[in-house]
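Student: I have a structure open and would like to go through it. Can we begin with the pockets?
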Amino acid sequence: MADDPQAKLARHERRYQALQMRIAGVSPTVIAERLDYASPQAVSKDITDALKRAAKAEAMAAEQLLHLEIGRLDRVMAALWPKVLKGEVQPAETVLKIINKRAMLLGLDQINRNGVADADMASLLGNMLLQLQQRHDVPDPDTDVILQAEIVQGEILYDDAGGEA
């Protein structure tokens, strides 16, 4: 059965009034009495549904705005790219700013190479170095010396490669 436009409008207005009253601190019981709801639980459900719809609409609007901004950055970058390939410095600097702005808008500046939020640059660089060393089977110079050390009667003796004797 199709909704009557007048009934739909009346429900919308009642929901809006209920929401405004609840924001003002009026209890669901009083709202139910004043706006002719079946129960305070019906008021609470209606308000919760309205808030969910509003949050969803806001999230969708934010997502659309993000796509609009990314599209703008793409167009500016596409216009500058031929100049960057020719080696022009000013367009290259502008493109780097565009890349940084895109990373910020997408949240890429807040995650490290492992996909974990990490604002500590030293930690990020340390993780990158570890990954490169593991990928290319390069020994870590700090742990290499420790692995080559010998403990003799409570003293640490290094081999010739470690330096100390």
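Tutor: A definition comes before that. On a 1 Å grid over the protein atoms alone, a pocket is an open set of points with protein on both sides within 12 Å along at least five of seven lines, a cavity is a set where a 1.4 Å probe fits but cannot get out, and lining residues have an atom within 4 Å of a point. This is a predicted model, in which local features need pLDDT of at least 70, side-chain atom pairs count only at pLDDT 80 or more, and totals for chains, interfaces and linings use all residues. Residues are numbered from 1 along each chain as its sequence is written, and side-chain values use heavy atoms, with hydrogens and water left out.

Student: Which residues line the largest pocket?
Tutor: The lining consists of His12, Arg15, Tyr16, Leu19, Ala50, Leu51, Arg53 and Ala54. Helix H1 (5-23) and helix H3 (40-85) are the elements that give two or more residues to it. Helices here are DSSP runs of H or I with at least four residues, strands are E runs of at least two, and both are numbered from the N terminus.

Student: What volume does the largest pocket have?
Tutor: About 150 Å³. The volume is the space filled by probe spheres set on the points, with grid points joined across faces, edges and corners.

Student: And how does the lining split by class?
Tutor: Five residues are nonpolar, one is polar and two are charged. Ala, Val, Leu, Ile, Met, Phe, Trp, Tyr, Cys and Pro count as nonpolar, Asp, Glu, Lys and Arg as charged, and the others, Gly among them, as polar.

Student: Take Tyr16. Is it buried or exposed?
Tutor: Tyr16, in helix H1, is exposed because its relative accessible area is 51%. Exposed means over 50%, buried under 20% and partly exposed in between, with a 1.4 Å probe and protein chains only. The C-alpha atom of Tyr16 is 8.2 Å from that of Ala50, 34 residues apart along the chain.

Student: Changing topic: how many helices and strands are there?
Tutor: The chain has six helices and two strands, in the order α-α-α-α-α-α-β-β along the sequence. It has 165 residues, of which 16% count as buried.

Student: Show me buried ones. What does Ile98 touch?
Tutor: Ile98 sits in helix H4 and counts as buried because its relative accessible area is 6%. Setting aside neighbours within four places in sequence, Ile98 is in contact (heavy atoms within 4.5 Å) with Leu73, Val76, Met77 and Leu80.

Student: What about Arg102, buried or exposed?
Tutor: Arg102 counts as buried, because its relative accessibility is 17%. Arg102 belongs to helix H4 (residues 89-106). Not counting residues up to four places away in sequence, Arg102 touches Ile70, Leu73, Asp74 and Met77.

Student: Where is Asp36, and what is its phi?
Tutor: Asp36 is in the loop between helix H2 (28-35) and H3. Its phi is near 60°, a positive value in a residue other than glycine. Most residues other than glycine have a negative phi.

Student: Last one: what lies over the face of Tyr37?
Tutor: Arg14 does, at 3.7 Å from the ring centre. The rule asks for NZ of Lys or CZ of Arg within 6 Å of the ring centre and within 35 degrees of the ring normal.
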